[in-house]
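Keep the 3D view open as you read.

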Amino acid sequence: MSATAPISRLWPAPAAEPLHDAELTALYGRTERPRLRVNFVTSVDGAVALDGYSAGLSGEPDKRVFGLLRMLCDGLVVAAGTLRHEGYRAVRLSEPRRAWRREQGLAEYPTLVVVSGSLDLDPAQAAFADAPVRPIVLTSAAAEAPSGLAEVADLVRCGADRVDLAAGLAELRRRGLGQLLCEGGPLLFGALTAADLVDEVCLTLAPLLAGAGAGRITAGDASAPRHLPLRHVLAASDGTLLLRYARD
Ligand SMILES: NC(=O)c1ccc[n+]([C@@H]2O[C@H](COP(=O)([O-])OP(=O)(O)OC[C@H]3O[C@@H](n4cnc5c(N)ncnc54)[C@H](OP(=O)(O)O)[C@@H]3O)[C@@H](O)[C@H]2O)c1
């Protein structure tokens with residue numbers, strides 16, 4: 001299927017030709033080392049959502065890269081807030097993407113990982129009930145699970161009364177989930193940044209002004225600024241910018 005807004009590379013090594021999926025896949029890639037990649041879409045004026053949802057910010061080029069990043073990861077990490085609010089469904093991939101994963105020796109689907117302090121989660125939500133791979137919930141020792149949750153997900157308790165994210169990610173890696181993709185939301189991103197656990201940020205800049213009202217893509221307690229080098233700038237023909245920042 002041809003893209004309605006082809007994507008090409010602006011930096012480094014500008015090239016006018018549209019990038020095919022295989023080239024995009026190589027540009028984002030997987031790493032030898034374990035990695036936590038965070039993916040967000042924002043407006044030019046830094047909004048996290050339009051009318052409360054990310055969908056209004058996300059055009060075809062963003063959706064294209066969003067899907068490729070899912071194909072590339074072992075574990076898909078999402079905060080309970082975003083899971084509930086955006087009504088996450090089961091993480092499914094198209095047959096060509098599953099075939100690509102099989103060729104790479106990867107599991108057919110990534111594992112969904114939900115971060116929740118309260119365990120206020122609905123086991124009937126499709127993200128759990130229809131999951132092709134049993135999801136993992138990172139929580140604390142103190143949290144009480146609702147009835148039925150342990151039947152549809154593995155509860156991993158890290159931290160006594162709050163979720164220890166560093167310990168949680170270490171446990172995911174111990175389980176073979178080396179390439180982690182975090183799809184937000186802002187409170188989880190803020191906590192991961194504060195704990196210095198973010199290796200990479202893929203940021204889509206949608207060509208629109210959202211106006212005042214929405215929050216930023218990060219939230220929570222303030223933390224120290226951290227340098228994150230720019231790795232590539234891609235542009236879609238509709239004006240969307242796709243930026244990748246990663247530490248060494
Ligand atoms: N623009 C984008 O790319 C993008 C991406 C994702 C989300 N969003 C938007 O973000 C908004 C949702 O944000 P949100 O305020 O709900 O933030 P969030 O980070 O999605 O969710 C916050 C909730 O997740 C759990 N959580 C997050 N960090 C945690 C931590 N360190 N330890 C334990 N639990 C943690 C907690 O769940 P419990 O309450 O279960 O303890 C917390 O209440 C929505 O409007 C959504 O559309 C936008």
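A polar contact is a pair of N or O atoms within 3.5 Å; within protein, one must be able to donate a hydrogen and the other to accept it, and residues adjacent in sequence count only if both atoms are side-chain atoms. This is a predicted model, where local features need pLDDT of at least 70, side-chain atom pairs count only at pLDDT 80 or more, and totals for chains, interfaces and linings use all residues. Residues are numbered from 1 along each chain as its sequence is written, and side-chain values use heavy atoms, with hydrogens and water left out.

Start at E86. An N or O atom of its side chain is 2.3 Å from an oxygen atom of the ligand. For the side chain of S116, such a distance to a ligand oxygen is 2.6 Å. G117 takes part through its backbone: an N or O atom there lies 2.8 Å from an oxygen of the ligand.

Now widen the view. The ligand is surrounded by 25 residues, each with a heavy atom within 4 Å of it. V41, V48, T82, E86 and S116 are the closest. Which element gives the most to this shell? It is α3, with 5 residues. Helices (H or I, at least four residues) and strands (E, at least two) are DSSP runs, numbered from the N terminus. β2 (35-43) and α8 (186-194) are also among the elements that each supply at least two residues.
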